[in-house]
Each structure stands twice: as C-alpha cells, then as structure tokens.
Amino acid sequence: NPPLIIALTSAHRHKDERLYGVPEISSADIKTASRIANPGCYATAANLSLWPLRDLIQGPAAIFGVSGFYGAGPTPSQRNDPERVEANIIPYGFGGHLHQREIASFVGVDIVFAPHVANFFRGMVVTTSVQLKKPSTVEEIGRLFAETYSDAPSVIVTDEPPEVALTAGTDLCAIGGFALSGDGQTLTMSASLDNLRKGAATQAMENIVIAVGL
C-alpha cells in the first residue's frame, strides 16, 4: 500500500490527486485514501456551517470571518504584526481569498467571504448569513445541525453564538446562535474553532485515525 500523506498546505486542496478530507463528512472516502488534503481553518468553520444547509440555500452565502493574527500566516506581514493589530482589526483578501474558492468548491454554493485579523493570537469566529429557499424555524435548523453532527465528537451545536474563547485551545468547532428573519428565510449563525488545532493539527490527526482504521 502507498504511504499515507496528509497535506496541510493550501497547494493541494481540490486537486485530482488529493482527497479533500473533512472528517465529519468524508469519512467513507478517507478510509480508502492515501493522499489527503487537510481543509483550511476558515474553510473548516464555513464548511461545517454550510454543509447541513447545502440543499436549502438560494443565492450566495455571505461569510464574515475574524481570526487571531496567527491566521494571517507565518510569513511576517502587516496582517500579523502585533504592533499593527494592537487595538485594531484589519480587513483583507476581499474578492478572491483562497478559502472562498475552497469553501464554494466543497459545499457547492456561491460564497462571498470577508476575512479580518484582530488583536489576539489564535482562534477564529465566522458569521454566516444565507437565504433559504423556503421559510424555516430556529428549532428546525437546530435539529438539522444536531442530527447532521450527532456522530461528530469535534462539533458542538450551541444555543448562543459561539465566541473565540469557547474553542480556543480546544479540538472543537462550535456552531450555533441560529437566528432567522421575520419571514423565516434569512438565516444567520456563527462558528468558532482554534485555527491551530481543529483548523489544522487536530483535523489532520482525525484524518489519519480514519484513514488507518483506528
């Protein structure tokens, strides 16, 4: 058998020779894969937020993300300069951020993505708004997410919008705070995770565990 390789960089995502490995969703394919591309951190939060809704959405999904400055990458830049982010929030990457294409390709819906860097080191939160094809209720949405991730120990569904502090330093992705417009068709929700753990290393370990059958 070929050796198992997990690619953490963005270079191999959605390439024919690599399986895009989302443990909660792609486990059947991961079990037979030897080349797996680990999803990005923002993409993980967005993918898990949108996946249960993928057949219910009309129009593009709007995603507003705020990450600790580690999420801007290890290469020194204005976006991860501690002095520049002090008492500041920096918008960047509008219109063509690599995670925008990554999320849209996996979930199969159009995405408008607006990432930001804020004055903390690790963790992130994304707030997503979508238009639904037909009216729904908060209870129905909550049940849909709870059922979708009932066998996913790394995903928790919360009543209140999850904050960065809830998941920073943990292996969890928290999704919740579901809210609907008066007509029941515009849904807003948030998700948070640690970009170093569930957004990277933990998810890689989850893919390894599934791939080798542990």
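**A guided tour from strand to whole chain**

Begin by selecting Val-155 and Cys-173: Val-155 stands opposite Cys-173, which lies in β9. The model on display is a predicted one.

Strand β8 covers residues 155–158 and pairs with β9 in the parallel sense, over four bridges. Next, colour β9, residues 173–180, by accessibility: this strand is mostly covered, and six of its eight residues are buried.

The pairing of β9 with β10 is antiparallel and runs over six bridges. To locate one point of this pairing, pick Ile-175, whose bridge partner in β10 is Ala-191.

Select Ala-87 in the loop that lies between α3 (82–85) and β5 (89–91). Is Ala-87 buried or exposed? Ala-87 is exposed, with a relative accessible area of 75%.

Select β1, β2 and β3, which make up an open sheet in the order β1-β3-β2 with parallel pairing. The edge strands are β1 (5–7) and β2 (19–20), each of which pairs on one side only. β3, residues 35–37, pairs with β2 in the parallel sense over two bridges. Within β3, select Ile-36, which stands opposite Leu-19.

Finally, clear the selection and view the whole chain. How many helices and strands does the chain have? There are seven helices and ten strands. Along its principal axes, the C-alpha trace spans about 55 × 45 × 30 Å. A compact globule of 214 residues would have a radius of gyration near 17 Å, and the chain agrees with this, at 17 Å.

Colouring all residues by burial shows that 47% of the 214 residues count as buried. Among contacts with a separation of 6 or more, 72% are accounted for by residues 24 or more positions apart. With the surface displayed, the chain exposes about 10100 Å², of which carbon and sulfur atoms supply 54%.

Definitions and conventions: Residues are numbered from 1 along each chain as its sequence is written. This is a predicted model: local features need pLDDT of at least 70, side-chain atom pairs count only at pLDDT 80 or more; totals for chains, interfaces and linings use all residues. Side-chain values use heavy atoms; hydrogens and water are left out. The radius of gyration is taken over C-alpha atoms; the globule rule is 2.2 Å times the number of residues to the power 0.38. Buried means under 20% relative accessible area, exposed over 50%, partly exposed in between (1.4 Å probe, protein chains only). Contact means heavy atoms within 4.5 Å. Accessible areas come from the Shrake-Rupley method with a 1.4 Å probe; for residues, only the protein chains shown count as cover. Two strands pair if DSSP finds at least two bridges between them.
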